[in-house]
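The following note sets out numbered points on the model shown below.

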Amino acid sequence: MSSLSLSKIVFVLSVVSVMVTSSAAAPKPYELVDNICRQLGNEQFCLNVLKSDPRSKYAKDITTLTTIAVDMATKNISATRDYFVSVKNGPPALLKSLEGCIGSYNTVISELMNCLKEEDCSLISYDIHDAGDEVKRCQAMADSNGAHDSFITTSNNVTLDYCGLGESLANLMCNKNGD
Ligand SMILES: *[C@@H]1O[C@H](CO)[C@@H](O)[C@H](O)[C@H]1NC(C)=O
Ligand SMILES: *[C@@H]1O[C@H](CO)[C@@H](O)[C@H](O)[C@H]1NC(C)=O
């Protein structure tokens, strides 16, 4: 064997070994998302929300996932609030409930938009928890007005899912256990 072909073989082997090493080290898509969502109660919802944002694909830290969840929550809840505002006709119990719920949703949206600015990490999940309480206040108004069987309840359930996901992720991010 000539020394030239030997050096070729050595070269090829070293290329192969670099490829094997780097493919073993390459992050798997959604590795963190799958791992974290598996730990949360609402796994399918968690997967749907986080995977709908491309930043989650190779996310390396929970901060990224919490940011995505809060962003997605803010978008969805703002769209729901806009829908509430757009409804002008319906049973009086519904219209009366919407009036109160729009105020609650405005509070929820501003809590979500500001929570990630907290300097104290533990206040983030606290803010999101407060937002969830505000949704429950809207639900209590709908219940007492007799609008329980309306789209308000359906919307509140989705909104509470978003708040629950954000709160759980914020707790993990700040190294706390749930409530
Ligand atoms: C909010 O998200 C839910 C579930 O992900 C979806 O079914 C719903 O259509 C969204 N609502 C709005 C107003 O975008
Ligand atoms: C909303 O959530 C409550 C509590 O989990 C549940 O009992 C109810 O069936 C849900 N309603 C709708 C319309 O999704």
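1. Helices here are DSSP runs (H or I, at least four residues), and strands are DSSP runs as well (E, at least two), numbered from the N terminus. By this rule Thr80 belongs to helix H4. The model is predicted, so that local features need pLDDT of at least 70 and side-chain atom pairs count only at pLDDT 80 or more, while totals for chains, interfaces and linings use all residues. Residues are numbered from 1 along each chain as its sequence is written, chains are lettered from A and ligands numbered from 1 in the order in which they are written, and side-chain values use heavy atoms, with hydrogens and water left out.

2. Ligand 1 has Asn76, Ala79, Thr80, Val158 and Tyr162 around it (a residue is near a molecule if one of its heavy atoms lies within 4 Å of it). Helix H4 (62–86) and helix H7 (151–173) are the elements that give two or more residues to this shell, and H4 provides the largest share, three residues. By class, the shell holds three nonpolar, two polar and no charged residues (nonpolar: Ala, Val, Leu, Ile, Met, Phe, Trp, Tyr, Cys and Pro; charged: Asp, Glu, Lys and Arg; polar: the others, Gly among them).

3. Tyr162 places a polar side-chain atom 3.2 Å from an oxygen atom of ligand 1 (a polar contact is a pair of N or O atoms within 3.5 Å). Of the 360 Å² of accessible area that ligand 1 has on its own, the protein covers 43% (Shrake-Rupley method, 1.4 Å probe).

4. Around ligand 2 stand Thr153, Thr154 and Asn157. An N or O atom in the side chain of Asn157 is 2.4 Å from an oxygen atom of this ligand. Alone, ligand 2 exposes 360 Å², of which the protein buries 28%.

5. Is Thr80 buried or exposed? Thr80 counts as buried because its relative accessibility is 14% (buried means under 20% relative accessible area, exposed over 50%, partly exposed in between; 1.4 Å probe, protein chains only). Thr80 touches Tyr105 and Ser155, leaving aside residues up to four places away in sequence (contact: heavy atoms within 4.5 Å).

6. The largest nonpolar core has 44 residues, and Leu50, Ile77, Ile128, Leu165 and Leu169 have the most contacts inside it (such a core is a set of buried Ala, Val, Leu, Ile, Met, Phe, Trp, Tyr and Cys residues joined through side-chain atoms within 4.5 Å). The largest share, nine residues, comes from H4.

7. In helix H3 (residues 43–51), Phe45, Cys46, Leu47, Val49 and Leu50 are buried, and their cover includes helix H2 (31–39), H4 and H7.

Technical notes:
A polar contact is a pair of N or O atoms within 3.5 Å; within protein, one must be able to donate a hydrogen and the other to accept it, and residues adjacent in sequence count only if both atoms are side-chain atoms.
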